[in-house]
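Subject: Structure for your review

Dear colleague,

Please find below the structure that I am handing over to you. My findings follow it, beginning with the charged pairs.

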Amino acid sequence: MPIGDLLYACVECRTEGSLRRAKRGEVCDRCGTRYTRADGALIRCERPGQEPEVKHPAEWLDHLHEQPLHHPATTAAVTLRCASEYKPYTHAGVLLGFIEELGPPEEGTLELGPESIVFRSATGERRWPLDALTAVQPTTGTLNLKVRNGPLIALRFRTGSPLLWEERVKNAIQERFAAAGRGDIAEYLPRIVCG
């Protein structure tokens, strides 16, 4: 997983989506802070003019959560793919389940509003009400959303972190559920369930 998918903002300047791949690791395009992998799962942060600092990813995320981001993004450039059909998955003649067959990719912009998620592309606009979402599932590099009586939606973020957008979507759904008197959400996968 690229460091920028995990660290959704620079820990130095707190700019969201600013990490870009470089020859060695990833570099913040705003302040020049460099991020590289260290031993194990550790991440090395090299701020210009300072000694490198090495921490576990969870520690860097805790650091990001300590203060709000500068100019948090309200939209993200994404590649959308929707499940076009479901194929049976079998082993030794036994049906084990079904696998989503994703359709062609479509480039566009994702926006999360108080009532819905909107995808805009050259072919038009698609809107999914937050109340219609039945599951939120992160994967490496993508965020999958299941829509009631609709397709599985796979979103690959080109300029944002799926981890950050997962958190945003979950928070928006929770706010919607609370406003409707449906209570707190206990789980988002395999389906959204209130506690």
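The structure holds 14 salt bridges, a salt bridge being a side-chain nitrogen of Lys or Arg within 4 Å of a carboxyl oxygen of Asp or Glu. Please note that this is a predicted model, in which local features need pLDDT of at least 70 and side-chain atom pairs count only at pLDDT 80 or more, while totals for chains, interfaces and linings use all residues. Residues are numbered from 1 along each chain as its sequence is written, and side-chain values use heavy atoms, with hydrogens and water left out.

Salt bridges

One of these pairs is E16 with R168, whose closest N and O atoms are 2.7 Å apart. E16 lies in the loop between helix 1 and strand 1 and R168 lies in helix 3, so the pair ties together parts that are 152 residues apart in sequence. Helices (H or I, at least four residues) and strands (E, at least two) are DSSP runs, numbered from the N terminus. Both E16 and R168 are buried; buried means under 20% relative accessible area, exposed over 50%, and partly exposed in between (1.4 Å probe, protein chains only).

E53 forms a salt bridge with R47, and here the closest N and O atoms are 2.7 Å apart. E53 is partly exposed at 28% relative accessibility, whereas R47 is buried at 9%. Both belong to a network of salt bridges that links E12, R47, E53 and K55.

A further salt bridge joins K87 to E101, with the closest N and O atoms 3.7 Å apart. This pair links distant parts of the chain, K87 in strand 6 and E101 in strand 7, 14 residues apart. K87 is partly exposed at 39% relative accessibility, and E101 is partly exposed at 33%.

Strand 6 (residues 75-91) and strand 7 (residues 94-102) run antiparallel and are joined by eight bridges; two strands pair if DSSP finds at least two bridges between them. Y86 stands opposite E100 in strand 7. Two residues lie between the strands of this hairpin. A92, found in the loop between strand 6 and strand 7, has a positive phi of about 55° although it is not a glycine. A92 is exposed, at 71% relative accessibility.

Y89, V94, L96 and I99 form a nonpolar patch on the surface, with about 390 Å² of accessible area together. Patches are made of residues with over 30% relative accessible area and no salt bridge, with like charges joined within 9 Å and nonpolar side chains (Val, Leu, Ile, Met, Phe, Trp, Tyr) within 5 Å. Accessible areas come from the Shrake-Rupley method with a 1.4 Å probe, and for residues only the protein chains shown count as cover. Strand 7 provides the largest share of the patch, three residues. L96, found in strand 7, is exposed with a relative accessible area of 54%.

Nonpolar cores

A nonpolar core is a set of buried Ala, Val, Leu, Ile, Met, Phe, Trp, Tyr and Cys residues joined through side-chain atoms within 4.5 Å. The largest has 26 residues, of which L133, L145 and I173 touch the most other members. At least two residues of this core come from each of strand 6, strand 9 (116-121), strand 11 (133-139), strand 12 (142-147), strand 13 (152-157) and helix 3 (162-179). Helix 3 gives the most, with five residues. Leaving aside neighbours within four places in sequence, I173 is in contact (heavy atoms within 4.5 Å) with L130, L133, V136, I185 and I192. A second, separate core of 18 residues includes Y8, C10, L69 and L164.

Loops and backbone

R14 lies in the loop between helix 1 and strand 1. R14 is not a glycine, yet has a positive phi of about 65°; this residue is buried, with a relative accessible area of 5%. T15, in the loop between helix 1 (3-6) and strand 1 (19-21), is buried at 15% relative accessibility. Beyond neighbours within four places in sequence, T15 is in contact with Y8, A9, C10 and R30. The peptide bond from L189 to P190 is cis, with omega near 10°, and P190 sits in the loop between strand 14 (185-187) and strand 15 (193-194).

Overall

The protein has three helices and 15 strands, and 42% of its 195 residues are buried.

With kind regards
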